There are 2 protein chains.
Amino acid sequence: MNLLIDDWKIIQDGFSKQKNRFFESIMSSGNGRMGLRGNHEEDYSGDTLKGTYIAGVYYPDKTRVGWWKIGYPEYFAKVLNAIDFIGIKVKINGENIDLATCRFSDYRRELDMKESVLRRNFTFFDPSGSKYEIKTERFLSYHESDIAAIKYSIKALNNDGELELLPFLNGDVRNEDANYQEKFWEYVSSSATESVSYLHMKTLKTNYNVSAAFTWNITGTDTLEKETVNLNNGEFVGTRIKVNIPEGRTVTLEKYISVTSDRYYETNEISKISQRKAQEALDKGYNSLFDAHKGKWADIWSMSDITIIGDAAAQQGIRFNIYQLNCTYSGDDPQLNIGPKGFTGEKYGGGTYWDTEAYCLYFYLGTRKPEIARNLLEYRYNHLEKAKENSAKLGTRGALYPMVTMNGEECHNEWEITFEEIHRNCAITYAIKNYTEYTNDESYLLEKGIDVFVETSRYWVSRVNYNSKKNVYMILGVTGPNEYENNVNNNWYTNRMVKWSLKYTVDTLKIMEENHKPLYKEAIDRLGISPDETEKFKEISEKMYLPEDKELGIFLQQDGFLDKDIKPADLLKPSDLPLNQNWSWDRILRSCYIKQADVLQGLWFLNDEFTKEEKIRNFKFYEPLTVHESSLSPCVHSILAAEAGYREKAYEHYLRTARLDLDNYNNDTDDGLHITSMAGTWMTIVSGFAGLRIKKGKLHLNPFKPESWKEYSFCLVFRDRIIKITVCDTDITINLEKGDPFDITLYEENVTVREGRNQYRR
Amino acid sequence: MNLLIDDWKIIQDGFSKQKNRFFESIMSSGNGRMGLRGNHEEDYSGDTLKGTYIAGVYYPDKTRVGWWKIGYPEYFAKVLNAIDFIGIKVKINGENIDLATCRFSDYRRELDMKESVLRRNFTFFDPSGSKYEIKTERFLSYHESDIAAIKYSIKALNNDGELELLPFLNGDVRNEDANYQEKFWEYVSSSATESVSYLHMKTLKTNYNVSAAFTWNITGTDTLEKETVNLNNGEFVGTRIKVNIPEGRTVTLEKYISVTSDRYYETNEISKISQRKAQEALDKGYNSLFDAHKGKWADIWSMSDITIIGDAAAQQGIRFNIYQLNCTYSGDDPQLNIGPKGFTGEKYGGGTYWDTEAYCLYFYLGTRKPEIARNLLEYRYNHLEKAKENSAKLGTRGALYPMVTMNGEECHNEWEITFEEIHRNCAITYAIKNYTEYTNDESYLLEKGIDVFVETSRYWVSRVNYNSKKNVYMILGVTGPNEYENNVNNNWYTNRMVKWSLKYTVDTLKIMEENHKPLYKEAIDRLGISPDETEKFKEISEKMYLPEDKELGIFLQQDGFLDKDIKPADLLKPSDLPLNQNWSWDRILRSCYIKQADVLQGLWFLNDEFTKEEKIRNFKFYEPLTVHESSLSPCVHSILAAEAGYREKAYEHYLRTARLDLDNYNNDTDDGLHITSMAGTWMTIVSGFAGLRIKKGKLHLNPFKPESWKEYSFCLVFRDRIIKITVCDTDITINLEKGDPFDITLYEENVTVREGRNQYRR
């Protein structure tokens, strides 16, 4: 592995064709509005996954499925590989630079996470022995999200040379995951002039219009020939530049790109705007753009950095996670969300999963202004009508949010997931509670969230069935978070969360009636809630059946779970793992092995409602059965292990996620990064090691430190404050970097955190 | 509906473009080796499903499935639409005959089931007002299964005319259900001469070679011009014949076709053979071929006819079923089997399902020589090695037969079916028991069947799990016959049949040890059976967990079934039916509604092992919950209803299947016919109304007669006898048409059936 460890950088030292996709993935970057895999600017004819992604621009690709079921969606949405705007074809002394075929040495590619810039350098040899040092640098501006800039430098080391540079835009791009191998884009217009070129493409079916324009500038040479290039009926435009380069000199091409779409501008304006912005970027110049960009990242790091002293790999790992989460979602547009692979690959189609509410929300709550997290909530509120349509399609009432979505419609079609993994509704309501409690901003809950609570409660009323013999409500035919069980009855997690969500609905309505009369009346009118209906919510919540085994003192994952052959996962042969690549599906299903936290997920979400003993008993029972074949699993185990006092276990689980992609733990980094599970890693440190909880609006900490670390610290944004918490062998230091003094609970004792540095003995 | 009722014929009176596919389906015919939908010989540009099928010639079409699981097959096999050999292009006075566009009247298409011949006639009008009467006739020889013959006659009614006739072979044919729209055939060779033409095509991937050749003869005219036609690079060959037809005269073209494949001949011989056979057919002449063909059908009807007096629609319906079953499977080749649609359409891909053993076997046992049924058993024996491979793929031992197959490999991929509907193994072992008991031929069981019993028993040993708490063996994660439940635990039917199959294995080994020492020793050596292993079979059989509800006195379809909201299907709104076209899959799964007999299937198979009271209690509980959305369901209900004494119920269920396709009950006859369920209809009369059972080798009858029928009779082939049983209001008549006198049990009393006519009071 030629990946080097560094505090702030991801470094590839030396080139490998075999590992090119891997490095492209981990060198991905983004600015919340667009993202790029770490592809080369110049041609590359070797194995590569080209990836240029524009947030929110997707294609509803007709799904291939053998056996259709009533209610299935027609399509599976795909995140789109869009106009290739980074491209620069480079010829030196007539030879095209293509690292799959040409001679070169000293290749290095590095992603500087602090400044969010991708740099490459290598030395190119032409057949006659002339050497040229190539340095490239590019960034996607976090300050102006329409802008990208590239600097491409060539130094003649031992001879004069002739260069031909062709910066271009190419619209003839495909998705590797296209079901029918077709192109998702059609050409609209383009033009190439010697100073600015643009290309306007439109997606098929969804009709998203995207325009990319670029300007350029060259330094280090006097001679210059240029001509415009327009190929493939306009889908490829650019400028061919020919210069001489004397020995010892460096020629530098700057390419300034603007990418606009009609998600933000009028359709017929986007090409004009992209050209104007590309021109303005050129006028500002590379350094000025870069400074503004770096400033934005400095802000982000000031709120979200985690430092780990004594473990450089862990330091690199956690920063990589924080970095990628911020590349994926900048939080200023409530129509956007967090795809499981972000802007780093095509897998999972870029849709929104429950990952957002169950994992990512914690990260954005803890490290950014509340508006950012709130926009994730607005996203679901905006999809409420579609969730009602989705429920109606399945023959139920109220709202069932989709398992995977781009625009509020369901776009996934395994029946056992789409139709049965209905606990997702509760992740969404739980996120509202979580947001409200963390930020103390009740306005979302009272004005919008209440609708989500009521409509999902209505879904539950129509989805449960009353068992008169046992006088309980049951939920039959579901898939819990553990997707290694399908179509089970009374999944404890689902039933327990439904019980909670119904109660929270009832309680919120009561609080509104008592304290927010006008909002209450509006809600009652808007939603047409009758007292009978609230009574029904209450009744179901109270009589919800919760399977348990009294003898073992555990909650039962589902009815009949103990009829399985229960053996710890430790006894599995290594050659059987991962199960999903070695066992047939029926074998997995009838086994006792658990893909990801299920009962334990409930103990984490409703953390306050269970005793420590209950947590310990269930953890001891379920953790040995869990194979963690979802990247979302270890973090919950780590947090609960920490709470239970199993510190080594907590650290062991942390290690499974911390460098998941960098160390290619699941052998799938080639496809892109596990963006949403990165939030889990963050949670592991903050809620696991440091024991962060919010109870009745108050911050609780209960930190410990993994043995092998010397010290760690993390920033937390909490109610207009920025707090930096440092944990070392002997002390806890809480630095109030911004905001007013406040009380927290540290190791179960109240302490007042004052301005500046507050130090406590561990 | 312009379908006329007739004892022996299926008659379409008048043409309907909208109903063309429907009539093409019900006019299908076959000779066990090939089959044809009722397509027109001349061109037809309207909506049509062209269907020419050659038994055993299939294509493994790569499946489209959204989400792959370990162990899934790569392909779904497709029955192939093959060389169009019936085609005759016809022009009269320059106008091409195409019933979708030309003017005609008095259309009639009829399938004579007694003689297995398809006839059509209509009157064609040319634009000038000249009228021509067209009569066609064709059959697929049951005597020589490579041969087909067509007679095409044109009579000039009111004017002279010019005819152009072009009999042809066309290899450019497609399947409608091709996943990737590609053609499954490639061209090998062809030639057209004035006397004989042939076309040799080969399937892609499977490399089946098929050659069709034809000769022809024309009568009723003296003038004649002819030229050979070779189009589309040889894929279309034929002879264009021009004749003058004087007013009042009839011109008749006879087309003699031979179709050969390298399933039966050497690849490089098939074209020579098909040409020779076509020449021989011409030499024999139409009438001679037809007589031999009719003779074969007379034999079949003598063994299998059912007559119903007093209900002409029922009479037509039952003969249609018997006819189609014989068209589909003639039983002389153990490599062939019975696809759910036979030779009548593409749906279900023509593969073999458990339908064969669970339903069809009864029919062939009861109406044909034992060799025919035995060949169905040989088919599975020949696939035993593949069944072992299939089991190994899923991580189990022994043999798991595929759910759908062409060559022994699994070719279906819904996980809940492929991986979990494992009860199919028991249908196969049960069929062996059934065959042995009916025919008294033990040789299959002792020489081959024992291997099937032992290897499937080994599968069960590796598939059950021992529950130490309850000291029972369980089978988790299965789908029972009721496919409206998926992934359930302890499906009673499955568990009960496994218990039976294991016991039968042990018992058979014991009998072999005692009475067939040499065969026993061979089996022990061949299979490597240890006493421990037999002991294990016995232990699992004895300790098999069988869910039941003591209070209700019923066997429980699966664990937790009574937790469902149990409401009779009568209360469903008609607009909800069929559920599978109106309800989402999860809603169906969590409902109590049953697709087809499940517990009741077990009570039918293991009929002897349950009391009448048990049957009645279970019937009363499950029958009201059953929606019969499988065509295989009503027959089992009818038989059990008859046994329980619910005669009206028995008749009601009979009506659901008897004319399923003719009356287009499920609105899907267009796709082809429900061949395998036709055997169920036969069973309804024979085992239901007449109460046929074989107990300890003895034939038991317990007949009743549906009120609305005057009389019914059926033939039975039983141990070298042909018996005709007639049931009228007052009497039972048993006519021993062939074979020795024997004892049967009639209404629980022993009677001796002597040669000729034996009459008993009811």
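Me: Which residue in strand 30 of chain A is the bridge partner of A:Lys724?

Reply: In this predicted model, local features need pLDDT of at least 70, side-chain atom pairs count only at pLDDT 80 or more, and totals for chains, interfaces and linings use all residues. Residues are numbered from 1 along each chain as its sequence is written, while chains are lettered from A and ligands numbered from 1 in the order in which they are written. Strands are DSSP runs of E, at least two residues, and helices are runs of H or I, at least four, numbered from the N terminus. Two strands pair if DSSP finds at least two bridges between them. Here A:Asn735 in strand 30 of chain A is the partner of A:Lys724.

Me: How many bridges join strand 29 of chain A to strand 30 of chain A?

Reply: Six, and the strands run antiparallel; strand 30 covers residues 731-738. A hairpin of two residues connects them.

Me: Where do the domains of chain A fall?

Reply: Domain bounds come from an automatic or database domain assignment. For chain A it gives domain 1 (3-302), domain 2 (305-689) and domain 3 (691-762). The centres of domain 1 and domain 3 of chain A, taken over C-alpha atoms, are 42 Å apart.

Me: Which residues have the most contacts inside the largest nonpolar core?

Reply: A nonpolar core is a set of buried Ala, Val, Leu, Ile, Met, Phe, Trp, Tyr and Cys residues joined through C-beta atoms within 7 Å. Buried means 20 or more other C-beta atoms within 10 Å of the residue's own, with C-beta atoms placed from the backbone. A:Ala212 and B:Ala212 have the most contacts in the largest core, which holds 426 residues. Two residues are in contact if their C-beta atoms, placed from the backbone, lie within 7 Å. Not counting residues up to four places away in sequence, B:Ala212 touches residues including B:Ile83, B:Phe85 and B:Tyr198.

Me: How many residues does each chain give to the contact?

Reply: Chain B gives 38 residues and chain A gives 38. Helix 15 of chain B supplies the largest share of chain B's side, five residues.

Me: What confidence does the predictor give?

Reply: The complex has an ipTM of 0.90 and a pTM of 0.93. pLDDT is the predictor's confidence in each residue, from 0 to 100. Chain A has a mean pLDDT of 95, and 99% of its residues reach 70 or more.

Terms used:
Buried ≥ 20, exposed ≤ 12 C-beta atoms within 10 Å, placed from the backbone.
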